[in-house]
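Hi everyone, thanks for coming. Let me put the sequence and the model up on the screen, and then we'll walk through them together.

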Amino acid sequence: MRMPSRDTPRGRLFVRARPHPFVTWADLFERAECYDPTEADVIDAVRRHRAADDDA
Amino acid sequence: MRSPSPARVAADADVLAADLLVGGPSRAALDHVREHSWLTLVASDHLLDDAEAVIRELGDADLARDWRTRIERECEFVDHPAEDHPALAVAYRGGAMHLLTLDESLLSASAGAALRGRVETSPRHPRAFDTLFDAASLYREVVGGDYPGPDRDPRD
């Protein structure tokens, strides 16, 4: 009876390097550049969001 | 509940979202936190929920999701009742002596007076934090010894 081999199949010894699993701040800031809100827009949005939560 | 420390920082949802979407003082302030491993950004799920909702509204859903994934690696989490003001609760329970906010109602003199004696945190506009941040002096106080300079890439 042929026993299962303990050798790792050769093809599995070489694993392709995976891309960095985490997004970086540099990447996020670059993606956010296409949006152009002002500080006032952000403040208003937070206020609206919290007011909606309070009403719910 | 953590004892208050000047090395612990809370940022309200407006500062978190403005860091990503606007830049300016919010990004400058949070860059100080990102580039020093001995500073801790304290947050809660409620606080990040608020910021994520704003990023989704003013940006897009993918950006908001990826921001959440990234910021969660940055933060130390505390829990608090949903009805609490998230930023104040995080600062209080997380021992953050700095609370970065754009909310005028928290930055007002009357809010400062109301907080004093109850919470050892100072609400600050991110511009003020950026201007007053003295890494060398803070390092001496919380770590000890000579300040070696930033030890992390704030864009990583």
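Where chains A and B meet, 25 residues of chain B are in contact with 20 residues of chain A; contact here asks for C-beta atoms, placed from the backbone, within 7 Å. On chain B, helices H1 (13-21), H2 (24-34), H3 (45-58) and H4 (61-74) each give two or more residues to that side. Helices (H or I, at least four residues) and strands (E, at least two) are DSSP runs numbered from the N terminus. That side of chain B divides into 13 nonpolar, three polar and nine charged residues, with Asp, Glu, Lys and Arg as charged, Ala, Val, Leu, Ile, Met, Phe, Trp, Tyr, Cys and Pro as nonpolar, and the others, Gly among them, as polar.

A word on the source: this is a predicted model, where local features need pLDDT of at least 70 and side-chain atom pairs count only at pLDDT 80 or more, while totals for chains, interfaces and linings use all residues. Residues are numbered from 1 along each chain as its sequence is written, and chains are lettered from A and ligands numbered from 1 in the order in which they are written.

Now the strands of chain B. E2 (residues 40-43) runs parallel to E1 (residues 5-11), joined by three bridges; pairing takes at least two DSSP bridges. Val9(B) stands opposite Leu41(B). E2(B) also pairs in the parallel sense with E3 (residues 75-77), over three bridges, and there Val42(B) faces Glu76(B).

Finally, Asp130(B) lies in helix H8 (residues 126-132). Beyond four places away in sequence, Asp130(B) touches Pro25(B), Ala28(B), Ala29(B) and His32(B).

Methods:
Contact = placed C-beta atoms within 7 Å.
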